[in-house]
Amino acid sequence: LALAFRRCCAPRRPARCRPHATAATTKAMARDVGDGAGLLTAEGGESEAKHERSRSPRSRPAVPQSVAQRPRRVCIMRHGLKEENVLGKDNFSLPLTVKGKQALAELAAFCDGLEVRFGRALCSPYLRCRETAEALVHLVSSGCIELEPGLCEVMSNRTGLRNARGLLGDEALARLRPRLEEVMRAEGGPQSAKPLFNCSELEHDSVEQGPEACRQVVERGLALVHRFSDEHFAGGTLLLVTHGGPCKALISGFLDGEVQPYNKYKLPEMGSMTFLEQRGPGGPWRVVGNVTPGETPDGSWELRWHRGRASDSGDVAKL
């Protein structure tokens, strides 16, 4: 299934690319044959792909498979670069920065050139996640984004509950729930797609330090993993757009099947995608790899592929 390639397709913003730069060759690309969703892999260790003008990789004919034969695959994505989370700002409505949107445009074009596709896309109702998912909607077979409260930010006073009015704890959460429900009604996706979590199930993460830190979000991530059904994976790779804490909780939930302590130093970077695959029906999950965008000194963007691991050098200073 491995296909060698040297570059991805031309980005949608050619003014920011470096058409004459020499990039490292990505070792291989594994095609998700049969369900139309591509997965990147690399053989022989970590490699990187700088996203610049070039030809798209050749297509391979799909091999028909029944849904039961298809391995489950999921892409867990952290939202793109956002405005700073500081006192006095409303965390729920923090938008992506200009650079965040630029990096997403490069990542979307990169995925498009590699024929990476997703069957369904579930997304946190927070603005930065909705903006991130919208940049990738053309890669989603269903053609829509489904908002999922279970993918919400950590419900702590420092992150997901921070608001312009200075409300804290359960009072802040009580004010947030109607806002989540309003966005769900307006942009929640097809009526046939019911969320896996209700807004009423979200709980305040009152402990932010120590071994019990953010216990609610790690338990929510594990519960969400258990609530996914065959239907979520039937159309191909499932895309989940969320935040740093839930990303780590979901990855641990898929890999370990149990609650793991929260560790802010092992969160995937903003704008990164972590691909996981299940080894056979009911089998264990493995990390295929992580692709992370980064800005170069000359202002262009490059994408690095880390084989077999989720990046663990998250930008904790920007949480």
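This tour visits a strand, a loop residue and a helix in a predicted model.

Residues are numbered from 1 along each chain as its sequence is written. Local features here need pLDDT of at least 70, side-chain atom pairs count only at pLDDT 80 or more, totals for chains, interfaces and linings use all residues, and side-chain values use heavy atoms, without hydrogens and water.

**Stop 1: strand E4**

Select residues 73-78, strand E4. Strands are DSSP runs of at least two residues (E), helices of at least four (H or I), numbered from the N terminus. Six of the six residues of E4 are buried, meaning under 20% relative accessible area; exposed is over 50%, partly exposed in between (1.4 Å probe, protein chains only). Arg-73, Cys-75 and Met-77 lie on one side. Val-74, Ile-76 and Arg-78 lie on the other.

Strands pair if DSSP finds at least two bridges between them. Arg-73 has Glu-277 as its bridge partner.

**Stop 2: Glu-83**

Select Glu-83, in the loop between E4 and helix H1 (98-113). Glu-83 counts as partly exposed because its relative accessibility is 32%. Show Thr-97 too: the two C-alpha atoms are 5.7 Å apart, though the residues are 14 apart in sequence.

**Stop 3: helix H3**

Select residues 169-187, helix H3. Its buried residues include Leu-173, Leu-176 and Leu-180. The buried residues of H3 pack against helix H2 (127-134) and strand E6 (146-147). Just after H3, find Gly-189, with a positive phi of about 100°.

Key:
The expected span of a helix is 1.5 Å times one less than its number of residues. Contact means heavy atoms within 4.5 Å.
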